[in-house]
Amino acid sequence: MALAHLDHHLVLLDHLRGILVALGEAEQVSDDTHALFLERFDELRAELPRDPENSLYLGQDLLSQIFHRYPQIAHLVPRDLLWFFGGDCLHYMPDDEIALYQALEERRFEAEQQDEPFDWNQEKQLLALAADSSRH
């Protein structure tokens, strides 16, 4: 797994954690298990750089729990994280979005195979624009 690709997702996890913390501080969480959830989230964040492959299941579980425990912030969960962790997380993505991410992943793989630089966000924007123009 390319380091830049992993770093991108670690930044997104940090962003999502900030949203979860703010949710707790705003007292919009009805139970006292929120702190335990944040601890598990922190475990994921710490373990992901050390063991990305084995952290995927915990990531899938935690992101799925966000949709169930905190539906008020479901729209704020970065879509890149859903794709990155895959598995059950893909249930929260429509088919056209999955197709976009599959194409993006193929481009990333091709760039890595050819030792070319790859800008995930730029490529995602280009693919989204291409998809939008083909719909019109």
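**Salt bridges within and between helices**

Modeller: Glutamate 47 and arginine 50 are three residues apart in helix H2, so about one helical turn separates them. The two form a salt bridge in this predicted model, with 3.4 Å between the closest N and O atoms. Glutamate 47 is partly exposed, at a relative accessible area of 31%, while arginine 50 counts as exposed at 60%.

This pair is one part of a set of nine salt bridges in the structure. Side chains of opposite charge can pair when their charged atoms come close. The protein carries 10 positive and 27 negative side chains, and the centres of these two sets lie 2 Å apart.

Another salt bridge joins aspartate 80 and lysine 124, at 2.8 Å from N to O. Aspartate 80 belongs to helix H4 and lysine 124 to helix H6, so this pair ties together parts that are 44 residues apart in sequence. Aspartate 80 is buried, with a relative accessible area of 3%, because buried is set at under 20%. Lysine 124, at 22%, is partly exposed.

The side chains of arginine 107 and glutamate 123 meet at 2.6 Å, N to O. Arginine 107 is partly exposed at 36% relative accessibility, and glutamate 123 counts as buried at 18%. Beyond these pairs, Glu105, Arg108 and Glu112 are linked in a network of salt bridges.

As for the fold around them, the protein has six helices and zero strands. Of its 136 residues, 39% are buried. Among contacts between residues at least 6 apart in sequence, 60% join residues at least 24 apart.

The largest nonpolar core holds 36 residues, and Leu20, Leu63, Ile66 and Phe85 have the most contacts inside it. Each of the helices H1 (3–25), H2 (34–50), H3 (52–69), H4 (79–85), H5 (95–113) and H6 (120–135) supplies at least two residues of this core. The largest share, eight residues, comes from H1. Leaving aside residues up to four places away in sequence, leucine 63 touches Leu16, Val77, Leu81, Leu82, Phe85 and Cys89.

How values were computed. Residues numbered from 1 in each chain as written. Predicted model: local features only at pLDDT ≥ 70, side-chain atom pairs only at ≥ 80, totals over all residues. Heavy atoms only, no water. Helix = DSSP H or I, 4+ residues; strand = E, 2+ residues; numbered from the N terminus. Buried < 20%, exposed > 50% of the residue type's maximum accessible area, 1.4 Å probe, protein only. Contact = heavy atoms within 4.5 Å. Lys, Arg positive; Asp, Glu negative; His and termini not counted. Charge placed at Lys NZ, Arg CZ, Asp CG, Glu CD. Core = buried A, V, L, I, M, F, W, Y, C linked by side-chain atoms within 4.5 Å. Salt bridge = Lys/Arg side-chain N within 4 Å of Asp/Glu carboxyl O.
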